[in-house]
Structure formats: structure tokens, C-alpha cells
Amino acid sequence: MMEHILISLLVWFLVPAVMGIYPRFFPCDDDLISVDCMGRDLTSVPHIRSTEVQSLNLNHNEIWHVGSKAFSGVPNLRNLTMMWNCAPGRYKNLGIPLCSLKIDSRAFVALKNLQTLILTGNSLTTIPALPECLQILDLELNNLFSLKDPLGTPSLKQLLLTKNCYYANPCNQTFVINQQVLKELPKLEVLLLGFNNISKIPVGLPQSLTHLDLRENKIKEIPAKAFANLTKLSTLNLAWNCQRCDHAAEPCFPCPNTKPLMLHEHTFLHQRHSLRNLSLRGNSLRTFPPRLFASLGQLKYLDLSDNLLAYTIRNGTFYQYLRSVRNLNLMYNYEPLKSFEHLVLSPFLMNMSHLESLSLNGYFFHSFSPKSMEILANLSNLKYLDLRSNFISSCNMSAFKHIKALKKVVLSQNQLDFIPLCKRNHEEWQSEPQVHRVNLVSREDHQCQDDSEIEPLLKTAPGPYDRMWPNFTMQNFYKMLCSKQLSFDLSFNNVLTINSSVFIGMEKVVCLDMSFNYMSIKPNGRQFSRLKNLVYLNLANNRIDLYFIEAFQELQGTLRALDLSSNAFSFLMMGIGHNFSFLQGLTSLESLSLDNNQIGFRVSSLLSTSLKYLYFAGNRLHIMWGSSDQYINFFQGLTNLIHLDISRNQLKSVLPEALIYLPQSLRVLRLDSNQLNFFPWDNITALPELRYLNLSENYLNKLPDRVVRFGLNFSGLDLSHNQITALPKTFFSQMTALLRLLLNNNKLKLLDASGLPAPLHNGSALRELTLHANPFTCSCATSWFVEYLRTTNITIPYLTTKVRCGFPESLQGVNILTIDPRSCQEIFGGVAFLCTSLLTIILIVFTLLKQLYGWDLWYCFQVLWAGHKGYSQFRGSSATVHYEYDAFVVFDTRNLAVRDWIYNELVDSLENKGKWRFKLCLEERDWVPGVSCIENLHNAVHNSRKTVFVLTNPGARYQVSGVIRQTFLLVQQRLLDEKVDVAVLVLLDLVFHKFRYLQIRKRLCRKSVVSWPTNPLAQPVFWNQLRVALASDNVRYYDKNVTGRFLSDDIL
């Protein structure tokens, strides 16, 4: 306990010294005008004093009270966010007590420049006074159910009140916002009232509104003039008010009798010149009032999804009023328990001449009718067509070529199999070319997944320090190569096999996704022959067997990205070889993914002069490089490779020869998430162009203490999540261009000031350094490191939150910046050590003596003090003094057996029986109600002639009652002050521990200690002894043999 107190005092004195150095507002980060205190476990608003601070982030803390002067030190604050300090309802984590953020009414008023105030997720029940200049107020996810008083913010432009009253944050009442509140917001533009259990459109909405969100409420009807004054409204969200529940993913609340939302045909009449975005999603609508959309000439986006408009889509005329709409969402409008044989669209759809995006997924049909495709073909601006989740089993792909502007067709999650087309050309996919499977020797799995830019992008990309490019994925290639290009998504279907007939009419397709099918095909150079413009091909998660050298050769002039990941089925077949020779013919291929294929045996080497990005993660390269030298040059034939990912390959070490045989053009090498305990650093010179090396999540425990010669352009090294304990200075000496060094989650304890690696020096090229999650030793020997962290220009993420001490144990978990280097100066070190040692020795000696000889020392002190003052005669109990009670009986009221004996035996025998009767004082009977316990106790002791202690043998875990302890002290005080011995001890148990006071009491005055007999026949003797003890003066019965040593006979 004392140790924790000393540590707390140490931190208390050290923190103020640190606050003025760096960072300025520890434990928060700052960049002169912005202070970030997010996730710092703060329980109160930090004391920040600066007129320069304009933004303050207090998100994700535990601040439950904000005082009236909490922000007095930042008078120029413009943006304040305090999100998720006290989460409401079901958003609260288990084990966290109920809470509510309390904000003093004047906390924000003094912030005259405050424009943005975000208080999301704080369980607020009231809104404090706000500054008049406020423009944005976010009160989402609180417990605000009724807004009756004006906010006093005439300049407010955005008011966010979403999710204050709904199923995950229940309030069991209707959310109400007073008309006067809205009336005094003349500049309000955005009002969000979604998820609030509102039953009708609020009255008095400001005319200035441009964005109104009323989704997920319980509004049953929209009157004709509900929005009559909102002539500037551009976005209106009325989704999920009369919810459709037959496929709801969350708690669903339909309108009575499952009726749809009632709309009037003039509901949107007054928004004819302003409304651009309208959502009527999930309102159980089956049809519309005839001229509901007639006036919306500026509408661009219309969401009608999750309704019951299946027949309206087929026969409706509402399309004729949607000429300006560009994005129409009709997904999941299927009729319950109904699916259509053909897609039938209303001919009025052709009137939507500006339509660019149409979503028809979840409509449930099996094939396309010629008439519907003709209607779609007449939409001259249609670019995006979504037909997912429709159970489509038959589709003539050539029909889509008539949609001239089309850029993307999504047919995923259907039941397409193309079997009739494949049977029609059975001989094409069954025939084999004359080149047979190559006979290969056993070999292990290999995977390479890497991230970098494509070659055209390299010319315009930022420097090698760019954070994104080492983590570039196939999805990034898809976005770059397929944006604004014709793309077909056929993933998640039932395709078993394909041939060229499948792609009739798709000759202009640039990107094709056929992942997650059941294709068990051997590409033979014919299947994709019609796709003359194909650039991106995704065949992941199938059963592709790389059998023929001619595989994909029909795409050799165009294909730039090929995804063959997660096709492990054929690679796991015992005794079957696989041929990668087809890569030589794909002269335009730049990116290839072979991830998660369990490649490890019987494969040919990779040969390509065009391939730049190879993803080979999740394979078995540990077998390929471990069993023999057959695959040591597996990647050597990729002469222009710049990015290689061989992570997750179970490698325990990398052979020195393996690095030598890697392509010299390599810029990015990923070896993370293996089991490496050895890396051939000396062979890194074989990769002169290397810029980024990732060795994270391995078992490396040391770095070589010698010069490692990286290339001149080497700029990124990731050694995080290893077991490295030291940073040799010579290892980093040649890394002059290093920009990013990741060392977090290792076992670094000490950094030598004289041997600090060159990249860590001020003025070096290093821009980012991660050090968190290391068990640093915090001592005077490393005090220089604390100063270094405060003054360096290198960006160190999590410096104020996760860079902590690991040693010594007393400082474990303490942020390293709280250690004050000035406390380690020699002028104070010796004195501090001497004082601390002396204080420690005194505390230890005092504690031991008190524990072992506490009573003896106290008694000796009292005897010596009495000898110093001189003895005085004990007066004894004077007969002339009048006492209110004969005896005060004190006992443990918690012991039921003792209580029973007191009231049934002792009280009855002493007060009601016998020749001598005594008036007793009992705590529960005679103490005065309303008077403090200590005062009652004092009166009972001093108003009684004797004090009777009724004691029982204490158990191992027994604690003496506080009343008994205080009574004993008062009796001893009377003995010292008044020279009156009034103590009488009644022992109810036969056996007692050898307490020193009890033993000396028996020696000094045996008649004042009486024991309750075990033999009932001896009880009258006990009562007689107790009466004598109460009636007599204890001093008269002192043992002369004992008192003679201290007191003269004439005194006694």
C-alpha cells in the first residue's frame, strides 16, 4: 500500500514538470491549433490553457461531468467533440455502470467562437446553455426525448438528433420537439430526426431547411401540406416508417394492419424546384398516388427499395414523371412467396431519359423478356445495372450490348450456369491442344501477395514513402483498371464450366468477375477468345486447374490483372502437376494473385517479362525451399517483378540463396506472418532496387551487429511484432534514405544513447517511427530517451498513449513521457537516494516493532512517562460521587448468543434479582436517539460507576467491535486522567488467547475478571462474584506483590 502511495506521489510531482515540455498538453497530442485527447481514459476535461487552440477532441473517454469553467483556458475554441463518454442503452459495454454526462449550464456559454459541438453518445437528458454563434450541434444517441425550451442558437445550421429514442436506445414514449424550438432556428439547413419514435411530421419546420431526415420513425401519414413551407428542401428521407417485415434484419415495426405509408399526391408539390434526393424505402408501398412525382422536375435520386412494388414496377406509369432522375433504386420489391418467370418492365420506364443507375436486385425472376431488354436498351444514359439476388437461371449476354452507355452489369448471387451454351459447343471445351502436362517433381506450396502500384501509376505516384502502395491489393487494381470501363460481375452463381459461346455479345467487356462459382475447368486458350478487350479477370474461389501451356493465351495482348487466388482444390490433388508456363505468353500481364492455393508440389517455375505484382501468400513455400534446391529459383524468371508477397507461407528461415535468386528489379518484399527466426541480411545486396521490406509478425529476436548494405532507395522497414531486444548501431548505419521504421510490439528495453542508430538522429530522413508496445526500462540510465522523444521531429504514433514503461515493476504501464529527466541529475540523485533509503528503513523498523511488540512498547512508554511526571495516588471510586448508572455493559451486539445472554441472564439477574440490585446502561436500550455514537459512548462511560466488558473467545477471522475498542480506550483514559480503575471483564468462554492485557489484569486485580462457569450449579457463585466486583473499588483488590514494584505502600 505504501509503495502505491509513493508511486502516486511521484507521478503527481512529475507530470506538471512534463506538461510544459512536449507534448504541451500531455497526455493529449497537439499540432498547435488542434488537441487530440481521444481514448486517453480521462475522467475530467484536461486543464488546457492556450489562446491558439481551435479544435479539441475528447472522444472515447470517461468524462461524466463538465464544470462551468472546464473550457476557460481555450477561449478561442471553434470545434469541440465529446463523443462516446457515456454510451446509452444497448450501446454500453457489459460491466460498465450506468452513467449520464452532466454538463453545467454555463460550460459552453463563454466559448464565443464555438461553431461545432458534437456530443454524440453521452446519455444526455438535458441540453446545457449554448453559445449564440454555434452552427453545428450533434446530439445523436443520447436520452433526449422532449425539446421544449429554445436552444438560444440563432445561427445554428445543422441539428442532429438521430437515435435518441428507438429499440436500441429505448425511451418508451414519443419524441417531441416544440414548435417554438424550431421557430427560433431561422438559419437551420440540416435537421436529422431519424430513429426517434416520432408519430407525425413536426409542426413549424424552418423554411430554411435543405436536408430533412425522418427515417425509422412511426409516421403513418404524410399530409398534403406537411412540407408546404419547405421550398428549399433538397434531400428528404422518409424511409422505414411503415416497415416491411417479411425479410427484416433488425426489429421491425409495421404500421397498424401492415398498412403502407399514406401519401397525398400533393405531398411534394412545394418542393418542385428544390427536391433532388428522395427516399421512400421500406414503407410497404404497393402503389403511388397518380401524380405524386409529377411536380418533381429536379429530382435526381429516388430510393423505392424494400417496398411491395413488384406489380407497380411491371405496370406502373409513375416513371413518366421521373425524367430527371439519374439513380433509381428498386431493389427488394419482390412479392412475398412469388417469383416471376420473366423480367417485365413497364414501357413508361423509357421516359426516364436521364437514368444512369438502376438497381433491380431482389425482384425475383428467372429470365429476361425481349421486351424488357428493349426497354432497357432505350435508356440511352444507363451506365449501371444491378440484377443481384434474383434467381436468374437463364440469360442471353448479348442482349446487354444494345445498352449503349452501359459500364457495369452486376449478375452475382443468381443461379446462372450456362450449361445449354456449353453443351452447344461441347467439342470446344473438351478438346485438348497437343501440348501435354509437364512432368514435375514434388514441390511445396508458395504464395505471394503484395501491394504496389501498376507501372503507369508509378510515373505519377508519390514517392516511395507513400503509405498505401506497400499494401496494394487486387481490389485496388480492379478500381483503377475498371473504373468507367465495361464490367460484368458473374460471381456467386452456379457456373460449372464455360466456353466462348458464353460470352457472345460481351466482346467489349474490359473487366470480368467470375469468382465464387463451381468452375472446374482447365483453361486451354479458347474459353475467353471472344473477350478481345479484357483487362481484368477474377477467377478466385473456383477449381481452376492450370493444365495447358495455352491457358489464357487468347488474352495475351490485353490481360493486365489475373486473380487465381483460393483455387487450392487442384493443387491439393496428390500426384498431379501444374504448369505456369502460360505466363510467358501473357505479355501484358502486370498483376497475378495466387494467394491461398496451398502450392507446394509439382509446379513449374514462374517465367514472365511483364509481370510486376505477384501475390503468393497462403501457400507452402516452406516445403518448396526446405526440401531441396529445386525451387530455389522459383521467382527468378520474373525479370521485371517489383512487388512480391510471400507472407503466410510457414517459413521458419530464408535460405541465403533464396534472396540471391529473387528478381533484382524487386522494390517491395513482404515476408510477414511467417515463422522466421533467421533472415540472411548479408544477401540483401542482391536486391539493389528494394524500397520496402516487411518482416513483421515473425520470431526474429536479434539484428546483426554489422553493416547491412541496403540499396540507395531503401525507404521502409517493418520489424514489428517480433522479439527484437536491441538495435545495433552498425545495422542501420547505411540506411540513409530510410523514411519509415516500424519497431512496435517487440521486446526493446534499453536504447544506448551513444549507439543510437543513424536513422533515429535528428536531421535524418526518417519520417515515421513506431515504438509502442515495447517493455522499455524507465530509469536514470534511459532518461536521455525521454528527452529524445519530446524533442525529435520524427512522427511517433501512439506516443502519448501506448509508449509505456515495462521496467521496473513499480513503473510498469506508466507512460514514458511522465518520467522527468531532471529528477535524475547528480546534484539531487545522492540526496534523494539517502532520504528515500532512510525513510524506508524507518517505516520498516516501525512497522515490525509495532506488529511484534506494540503493546509492550506502549506500556513501557506509559510507565516511563508516569515516572517522568511523578506518581499520584489512585483515588479509587469515591462514595461521594453520584453516578447515573452502576455499570455500563458493553458487548458485541452482532453476536446473537451474547445478546441473548445479556438480556435474558445478566439484566434479569442484576436488575431484578438478589439483595443487591444494579442499574445498568445498555447501548441498544439506554442510549439517547439522535445523539452521535461517540457522544453516547462518552456519556455512558463517564456516567457509570463501572464499565463491564462482556467478551467471548475471538475466532481466527474475528474483528473486535468498534464500540468495544473505543470503550476500552475511554476506560484507559479515565485511568490515566482521573486515576479511577472502573474496568470489569466478564469472560463467557473458558479458553482465551494469551492476550497481554488480560494476563496482566489477572495478575494485578483478579477480582475484576470473572468467568461464566460451564457447570450450571456454579452460576450463583458467578453472580455473587460479579456483584462484588461492581460494588467494590478495584484498587482495594490490587495484588501487593505486583504493585509494590512500582508504588509505595502508603500510596496504595
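Which residues are buried in H14? In this predicted model, the buried ones are Val898, Trp901, Ile902, Leu906, Val907, Ser909, Leu910 and Glu911. Let us start with this helix and then tour some other spots.

**Helix H14**

H14 covers residues 896–911, which makes 16 residues. From its first C-alpha to its last it reaches 21 Å, close to the 22 Å expected at 1.5 Å a residue. The helix also has a bend of about 35°, found at Ile902.

What covers the buried residues of H14? The cover includes strands E41 (885–890), E42 (920–922), E43 (944–951) and E44 (983–987), together with helices H15 (923–926) and H19 (1019–1031).

In soluble globular proteins, nonpolar side chains tend to be buried together. Here the largest nonpolar core holds 218 residues, and Phe400, Leu512 and Phe635 touch the most other members. Elements that give two or more residues to this core include helix H2 (179–183), strand E20 (340–343), helix H4 (370–377) and helix H12 (783–791). H12 gives the most, with four residues.

Another core lies apart from it, with 24 residues, among them Ala887, Phe891, Val907 and Trp1023.

**Two buried serines**

Ser284 sits in the loop between strand E17 (277–279) and strand E18 (301–303). Is Ser284 buried or exposed? Its relative accessible area is 7%, so Ser284 is buried, the cut-off being under 20%. Although Ser284 and Asn307 are 23 residues apart in sequence, their C-alpha atoms are 4.7 Å apart in space. Beyond its neighbours within four places in sequence, Ser284 has contacts that include Arg244, Lys259, Pro260 and Leu308. Cys242 is in contact with Ser284 too, and the backbone oxygen of Cys242 lies 2.8 Å from a polar atom of the Ser284 side chain.

Ser608 belongs to strand E30 (residues 607–608). With 5% relative accessibility, Ser608 also counts as buried. A polar atom of its side chain lies 3.1 Å from the backbone nitrogen of Leu611. Leaving out residues up to four places away in sequence, Ser608 touches Leu583, Gly637, Leu638, Thr639 and Asn640.

Most residues other than glycine have a negative phi, and most peptide bonds are trans. The table gathers some exceptions.

| Site | Backbone feature | Value |
|---|---|---|
| Phe26 to Pro27 | cis peptide bond | omega near 10° |
| Phe807 to Pro808 | cis peptide bond | omega near -5° |
| Asn197 | positive phi | about 60° |
| Phe418 | positive phi | about 60° |

Where do these sites fall? Pro27 is in the loop between helix H1 (2–19) and strand E1 (29–30), and Pro808 is in the loop between strand E40 (805–807) and helix H13 (826–869). Asn197 lies in the loop between strand E12 (190–192) and strand E13 (211–213), and it is buried, with a relative accessible area of 18%. Phe418 is found in the loop between strand E24 (408–410) and helix H5 (419–424). Phe418 is buried as well, with a relative accessible area of 5%.

Technical notes. Residues numbered from 1 in each chain as written. Predicted model: local features only at pLDDT ≥ 70, side-chain atom pairs only at ≥ 80, totals over all residues. Heavy atoms only, no water. Buried < 20%, exposed > 50% of the residue type's maximum accessible area, 1.4 Å probe, protein only. Polar contact = N/O pair within 3.5 Å; in protein donor to acceptor, adjacent residues only side chain to side chain. Contact = heavy atoms within 4.5 Å. Expected span 1.5 Å × (residues − 1). Bend = angle between axes of the 7 residues up to and from the residue. Core = buried A, V, L, I, M, F, W, Y, C linked by side-chain atoms within 4.5 Å.
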